[in-house]
Amino acid sequence: MASELLQLLVDGLTIGVVYVLLAAGLSVIFGVMNVINFAHGELFALGAYFALALIAPFGGSAFFLALFVAPLLVGIIGVGIERFTVRPLYGRNPLYHILLTFGLVLVINDLIYLIWEPGSVTLPLPELLSGSIAALGVTASVYNLFIIVFGALMAIAVWALFEFTKYGLIVRAGAQDRQMVRNLGIDIDRYYSLVFGMGAALAAFAGIILGGYQTVNPAMGMSVIIPAFVIVVLGGLGSFRGAVVGGLFVGLVQTALRTYAPIFEGTGIFVLMIGVLLVRPHGLFGTDAADEHTGNLLSGPRGGFLDPQTRTRLGLAMVGLLALVPLGAGTLYSTYAVTLVIEIIIWGLFALSLDFVMGYTGLVSLGHALFYGLGAYTVALGLAHVSQSAFVVLALAIVLSAVIAWGIGFLSIRVSGVYFAMITLGFAELFYNMLGQLDITGGSDGLFGLSTYYGLAGVGVELDEIAVFLGPVAITGQSLFYYIALSALVASFLLTRRMLNSPFGAVLKSIRENEQRATFIGYETTVYKRRAFVVSGALAGLAGGLFTLNAGYATPSLVDWLNSGEVIVMVILGGMGTLYGPIIGSGIFFGLEELLTGFTDRWRLVLGTIFVLFVILLPGGLVSLPSRLAPALPVTPGRGPNPEPEPESNPDPEPATDVDDAHTRGDD
Amino acid sequence: MSADPLLSVDSIDAGYGDTQVLRDLSFSIEAGEIVSLVGRNGAGKTTTLRTIMGILQPTSGHVTYNGADISALDATETAQQGLALVPEERRIFPDLTVTENLELAAHGGTADDSLSVTEALEMFENLRERAGNAGSSLSGGEQQMLAIARALVSGADLVLLDEPTEGLAPYIVQDVMDIVAALNERGITVLLVEQNVQVCLKLADRNYLVDQGQIVYEGTAAELEANEDVLDRYLGVTA
């Protein structure tokens with residue numbers, strides 16, 4: 001028993017040390033620069049691949065060389081990333097960092113596929129580190145012990161750097177109050193590149209040592225980024241100590257679960273994170289002080305830049321145009337166009353639902369795919385067990401999503417900012433794992449072969465059996481579904497807009513602007529936020545339900561966190577806090593994807609590059625394009641993240657008057 | 001008074017977005033003086049300090065320090081010229097110790113540090129006792145002392161003090177006033193923003209009265225004290 005525990009300790013610490021190195025950089029980058037770096041996992045993978053390339057010509061003995069050269073190279077890349085992509089965004093809404101680093105994930109990951117072979121590769125190890133040592137009934141490979149010792153030394157070195165050097169002192173102070181550091185005459189912006197570079201180098205170290213322990217593969221970055229975020233949040237954002245404790249702890253817990261309760265291996269850390277956040281809303285070692293500038297993800301102007309009349313006219317025109325799409329299918333263009341636009345409409349609805357909480361109450365949900373998947377599975381299970389009426393199962397999806405959203409909102413809304421994003425992600429990951437393990441949801445295969453009709457109480461039709469004739473064109477099957485989806489989108493848009501124009505909407509907006517003041521006026525803000533979350537969850541459930549009605553299946557991959565990430569991307573892409581912007585964002589996202597997959601296999605590389613350029617060049621989202629095109633707008637250059645917020649500064653009060661560029665318009 | 005003041009503010013306009021706060025505001029400080037800006041809440045006193053410091057850029061007008069135009073400099077560059085702002089909220093780094101707060105200041109500011117960290121800890125007795133404590137554990141008065149000490153250690157020749165006595169107990173107000181007088185004796189020029197007229201009258205060589213973003217009165221302590229009309233009209237106090 002004792003030897004078993006010791007074995008567990010060795011294995012757990014091995015993984016734990018990798019997590020510590022990974023999470024430390026992520027946490028410090030967040031604490032100092034307020035950047036949520038999704039690309040951290042790709043820098044981790046890049047470290048392993050660079051090491052692979054460095055070792056290949058010389059054999060295993062070059063491992064030690066690679067262990068220092070590869071992180072150095074990745075560190076330099078990190079400095080470049082900060083200098084040329086992150087820096088122009090300082091002082092803008094931190095959410096743009098999500099879009100930026102999401103784009104970087106696509107770029108770096110696709111580059112890895114482009115340069116190296118797609119499969120798993122073993123990292124050659126030197127003679128010195130092979131073999132194993134047996135003592136006290138425990139067998140540990142020399143490499144395991146090397147990881148633990150080397151990782152511990154690295155962590156201590158980083159800690160000492162922070163604690164005892166001028167560099168560390170300035171970085172720590174910057175994490176607490178940037179403007180005051182500037183007031184003291186210290187050019188903190190210069191230090192950001194170094195912090196980012198160091199974080200990248202640490203990630204690369206972690207990538208190399210894990211690569212040597214397991215394998216090197218292109219998906220390795222994707223598989224560690226979520227656990228790394230969990231650790232950062234668990235330990236407290238920006239806290240180095242938190243990253244160390246959290247990393248080791250998660251490593252041990254994961255290893256223990258794999259041994260004793262493999263069914264919980266995927267979910268254990270999320271339960272842990274949610275539990276910790278409910279008791280300590282700032283993580284184990286996070287402080288309120290750090291929360292002052294990290295708590296709120298949303299700042300700076302947002303909202304539409306079109307005057308209401310133009311918006312209504314363009315919106316009507318857009319809906320009219322969309323209504324015409326099925327008429328030309330099969331004659332003017334292939335019927336695939338209808339399939340594509342249905343996807344855009346459903347995701348547009350999904351994105352709109354997110355915008356309702358994110359753009360109007362400031363709650364950034366990183367687990368919205370949960371509701372999308374919930375709606376999809378409710379429809380699938382409803383069709384199988386309750387009723388084959390599409391309307392009944394859609395209603396079920398909406399109601400169930402609303403109920404679950406209330407429950408999750410009840411637990412989550414007590415934490416804010418990034419912590420809220422992570423707790424919602426935690427719930428989504430729990431749901432994802434649950435779907436893959438339960439029999440009723442069809443396990444990892446999901447549910448297939450569903451039949452449905454449109455009507456109530458057994459009276460109704462299947463879409464394929466009816467046809468509506470409009471002149472020479474017969475509309476049937478998917479084209480009819482198209483109109484159902486479009487109506488759902490338009491109805492949801494009108495409903496949410498109506499809510500926002502009501503007193504309820506005014507309270508939501510006041511919460512977004514300044515929650516404390518809204519509280520002082522006497523509103524119980526958590527109640528309002530929860531209501532908004534319920535509406536949002538219900539609409540996301542509707543979107544998911546529509547997906548399953550159309551596609552005829554539901555799989556756990558619908559709840560993948562990448563879907564939650566992509567829907568955030570769509571909202572930001574189109575323009576947050578507008579309701580119609582996210583729909584345009586969905587159109588752009590799928591349109592680009594469609595266009596790019598058509599002529600290159602490396603479409604993710606191009607798409608990622610477009611995101612990166614987009615964020616840097618067009619900070620207000622696509623809906624800001626008209627006013628950007630209007631001449632002579634004062635543009636203030638970014639000077640480090642989060643310069644002191646100036647009261648009521650709105651650099652962009654001019655409504656656009658030119659209506660020439662009709663291709664950027666959306667529904668209204 | 002010589003013809004070349006240490007700091008001169010010439011008809012600056014400044015504000016936030018569309019809101020203009022300062023309107024054609026001008027005044028100057030000679031080297032070695034203690035000058036106060038008094039006025040009610042919202043008169044533009046803090047905005048003036050922020051504009052001098054470069055946290056806010058003036059939309060027109062100039063700020064000249066030591067003969068050089070510093071209007072376009074940002075806060076970092078301004079501090080490197082030898083100006084230090086002690087903000088109203090004090091803004092001590094909560095997770096750094098007292099010593100670390102001072103060391104950080106020593107890394108910034110001007111190259112010649114008039115006061116080392118060790119000397120500062122000797123000068124501020126109550127800080128010396130708490131040298132290893134975190135900034136967040138200090139009392140209001142101690143935080144104010146540390147904020148002033150930080151400005152000294154950064155090697156500033158002109159210290160901008162924003163309401164240093166706000167929210168402090170009367171006997172601590174006296175301590176703060178003693179410290180301000182002591183640093184003036186070291187040759188440091190002080191621009192003091194206060195709502196507490198009594199503090200200004202005791203400390204300042206000259207006083208400027210700010211109202212609605214403009215200077216409406218200038219006078220020595222004795223002159224201001226004697227001018228009951230001004231005191232009553234702009235400050236609502238009777239001396």
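In the predicted model, 23 residues of chain A are in contact with 26 residues of chain B. Contact here requires C-beta atoms, placed from the backbone, to lie within 7 Å. On the side of chain A that touches chain B, α6 (166–176) and α7 (178–183) of chain A each supply at least two residues. The largest share, 6 residues, comes from α6(A). By type, this side of chain A divides into 8 nonpolar, 6 polar and 9 charged residues. Nonpolar covers Ala, Val, Leu, Ile, Met, Phe, Trp, Tyr, Cys and Pro; charged covers Asp, Glu, Lys and Arg; the others, Gly among them, are polar. Helices (H or I, at least four residues) and strands (E, at least two) are DSSP runs, numbered from the N terminus.

Residues are numbered from 1 along each chain as its sequence is written, while chains are lettered from A and ligands numbered from 1 in the order in which they are written. As this is a predicted model, local features need pLDDT of at least 70 and side-chain atom pairs count only at pLDDT 80 or more, whereas totals for chains, interfaces and linings use all residues.

The model scores ipTM 0.91 and pTM 0.81. Chain B averages a pLDDT (the predictor's confidence in each residue, from 0 to 100) of 87, and 97% of the residues score at least 70. Within chain B, confidence is lowest in helix α10 (residues 228–235), at a mean of 78, and highest in β7(B), at 93.

Chain A contains a hairpin of β1(A) and β2(A). Strand β1 (residues 132–135) and strand β2 (residues 138–141) of chain A run antiparallel and are joined by 4 bridges. Pairing of two strands requires at least two bridges found by DSSP. Ser132(A) stands opposite Ser141(A) in β2(A). The hairpin has 2 residues between the strands, and Leu136(A) takes a positive phi near 55°.

In chain B, 4 strands form an open sheet in the order β2-β1-β4-β5, with antiparallel pairing. Its edge strands are β2 (19–29) and β5 (68–69), each pairing on one side only. Strand β4 (residues 60–65) of chain B pairs with β5(B) over 2 bridges. The bridge partner of Tyr65(B) in β5(B) is Ala68(B). Helix α1 (residues 45–53) of chain B lies across β1 (7–16), β2 and β4 of chain B, and runs at about 70° to β2(B). For such angles, axes are lines fitted to C-alpha atoms, for helices over the stretch in contact, and values run from 0 to 180 degrees between N-to-C directions.

Helix α6 (residues 140–153) of chain B has 14 residues and reaches 20 Å from its first C-alpha to its last. The expected span, 1.5 Å times one less than the number of residues, is also 20 Å. Because 12 of its 14 residues are buried, α6(B) is largely enclosed by the rest of the structure. A buried residue has 20 or more other C-beta atoms within 10 Å of its own, an exposed one 12 or fewer, and a partly exposed one a count in between, with C-beta atoms placed from the backbone. Among the buried residues are Glu142(B), Met145(B), Arg150(B) and Val153(B). Their cover includes β6 (83–86), α3 (98–107) and β7 (158–162) of chain B. Just after α6(B), Gly155(B) takes a positive phi of about 85°.

Most residues other than glycine have a negative phi. Asp24(B), in strand β2 of chain B, has a positive phi near 50°. Asp24(B) is partly exposed, with 13 other C-beta atoms within 10 Å. Arg90(B), in the loop between β6 and α3 of chain B, has a positive phi near 70°. Arg90(B) is buried, with 23 other C-beta atoms within 10 Å.

Notes:
Contact = placed C-beta atoms within 7 Å.
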